[in-house]
Amino acid sequence: MSTVDAAGKLDALQAALAAEHAAVYGYGVVGGRVGDDRENEAAAAHAAHRARRDSLVRTVRDLGGEPSAAAAAYALPFSVPDAAAAIRLAAVLEDRVAGVYSDLVRAVDGPLRLEAAGALREAAVRAVRWRGSGVAFPGLAERAADQD
């Protein structure tokens, strides 16, 4: 018997889906500004987020939910006029996605938890690659910074 609340599970999945929608949008900006030396990395991250988004759409439907749609546009956390800002944006996107997957790990169980943990790990690794350094607890650093 599962101790995970079905409504809480769907809410956490919808939050992850919303984060993936935003990441897909954000990587469109990153890819347009990042520069030739990291263009392939941005394209790979964009493809990874599209794949995660599509998987979450299927999971939400399988659990009887209506997947949230992507917004027409998203507000970026800062201006992205050049490659340096694009790299910073990519790290922020990954930190935000990691935070949402951290929540999802707590909200689900079984195979969904394993999938969420894998997504959290992938986002944390991409954030390190973009930023050039890591954080002690991926998925939690953003929340700690928000509370300051």
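Tyrosine 27 and tryptophan 130 are both buried (under 20% relative accessible area with a 1.4 Å probe, protein chains only; exposed is over 50%, partly exposed in between). The model here is a predicted one, with local features needing pLDDT of at least 70, side-chain atom pairs counting only at pLDDT 80 or more, and totals for chains, interfaces and linings using all residues. Residues are numbered from 1 along each chain as its sequence is written, and side-chain values use heavy atoms, with hydrogens and water left out.

Helix α1 (residues 6-33) packs against helix α2 (residues 39-62) at about 155°, the axes lying 9 Å apart. That makes α1 and α2 roughly antiparallel (over 145 degrees). As for residue types, the α1–α2 contact splits into 13 nonpolar, seven polar and four charged.

Histidine 49 sits in helix α2 and, at 0% relative accessibility, counts as buried. Beyond its neighbours within four places in sequence, histidine 49 is in contact (heavy atoms within 4.5 Å) with Glu20, Ala23, Val24, Tyr27, Glu94, Val97 and Arg126.

Then there are the aromatic rings, which pair if their centres lie within 6.5 Å, with planes under 30 degrees apart counting as stacked, over 60 as edge-to-face and the rest as tilted. The count comes to two such pairs. Tyrosine 25 and tyrosine 74 are tilted, with ring centres 5.4 Å apart and planes at 55°. This pair ties together parts 49 residues apart in sequence, since tyrosine 25 belongs to helix α1 and tyrosine 74 to the loop between α2 and α3 (83-107). Tyrosine 25 is partly exposed at 31% relative accessibility, as is tyrosine 74 at 24%. Tyrosine 27 and tryptophan 130 are tilted too, at 6.3 Å and 45°.

Conventions
Axes are lines fitted to C-alpha atoms, for helices over the stretch in contact, and angles run from 0 to 180 degrees between N-to-C directions. Helices (H or I, at least four residues) and strands (E, at least two) are DSSP runs, numbered from the N terminus. Angles under 35 degrees count as roughly parallel, over 145 as roughly antiparallel, 65 to 115 as roughly perpendicular and the rest as oblique. Ala, Val, Leu, Ile, Met, Phe, Trp, Tyr, Cys and Pro count as nonpolar, Asp, Glu, Lys and Arg as charged, and the others, Gly among them, as polar. Rings of Phe, Tyr and Trp (its six-membered ring) pair if their centres lie within 6.5 Å; planes under 30 degrees apart count as stacked, over 60 as edge-to-face and the rest as tilted.
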